[in-house]
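Please keep the sequence and the model in view while reading.

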Amino acid sequence: MKKTIKSTSPKFKVGDIVWIPFPAILDSEGSICFIQTTITALVFELRNGNGVFWGYKLVDLPNGKCADEDSVFASKDECIAFINKESNEEL
């Protein structure tokens, strides 16, 4: 499935402290945690000869992973609201 680009420029910059939802590894109930992390890189993709913003590299994600712009939040409250919305939509 190909990602749909929603913006042409990043909302955050390298060094910004952000919040992301993250699958829990501390328990076996499959709950979602949220963590505060730091943006280490902005990722762009070359499309039709142009660099298009793709996502973020974060301190707490494995090397090969990139966080989508829709899953990175400026505050803990925004992240919690996103988790709650996603949980309600699954019901």
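In this predicted model, strand β2 (residues 32-47) and strand β3 (residues 50-58) run antiparallel and are joined by eight bridges. One of the pairs is Leu46 with Gly51, the latter lying in β3. The two strands form a hairpin, with two residues between them. Asn48 sits in the turn and has a positive phi of about 50°.

β2 also pairs with strand β1, again in the antiparallel sense, over seven bridges. Within this pairing, Pro21 stands opposite Phe34 of β2.

Taken together, the three strands make an open sheet in the order β1-β2-β3, with antiparallel pairing. β1 and β3 each have a single partner strand and stand at the edges, so one side of each is left without a neighbour in the sheet. On average, neighbouring strands of this sheet are turned by 50° against each other, direction ignored.

The sheet also contributes to the main pocket. Which strand supplies the largest share of the lining of the largest pocket? That share, four residues, comes from β1 (residues 17-23). The lining includes Ile20, Pro21, Phe22 and Pro23.

By class, eight of the lining residues are nonpolar, one is polar and two are charged. The volume of this pocket, the largest, is about 200 Å³.

Definitions and conventions
Residues are numbered from 1 along each chain as its sequence is written. This is a predicted model: local features need pLDDT of at least 70, side-chain atom pairs count only at pLDDT 80 or more; totals for chains, interfaces and linings use all residues. Side-chain values use heavy atoms; hydrogens and water are left out. On a 1 Å grid over the protein atoms alone, a cavity is a set of points where a 1.4 Å probe fits but cannot get out, and a pocket is an open set with protein on both sides within 12 Å along at least five of seven lines; lining residues have an atom within 4 Å of a point. Grid points are joined across faces, edges and corners, and a volume is the space filled by probe spheres set on the points. Ala, Val, Leu, Ile, Met, Phe, Trp, Tyr, Cys and Pro count as nonpolar, Asp, Glu, Lys and Arg as charged, and the others, Gly among them, as polar. Two strands pair if DSSP finds at least two bridges between them. Axes are lines fitted to C-alpha atoms, for helices over the stretch in contact, and angles run from 0 to 180 degrees between N-to-C directions.
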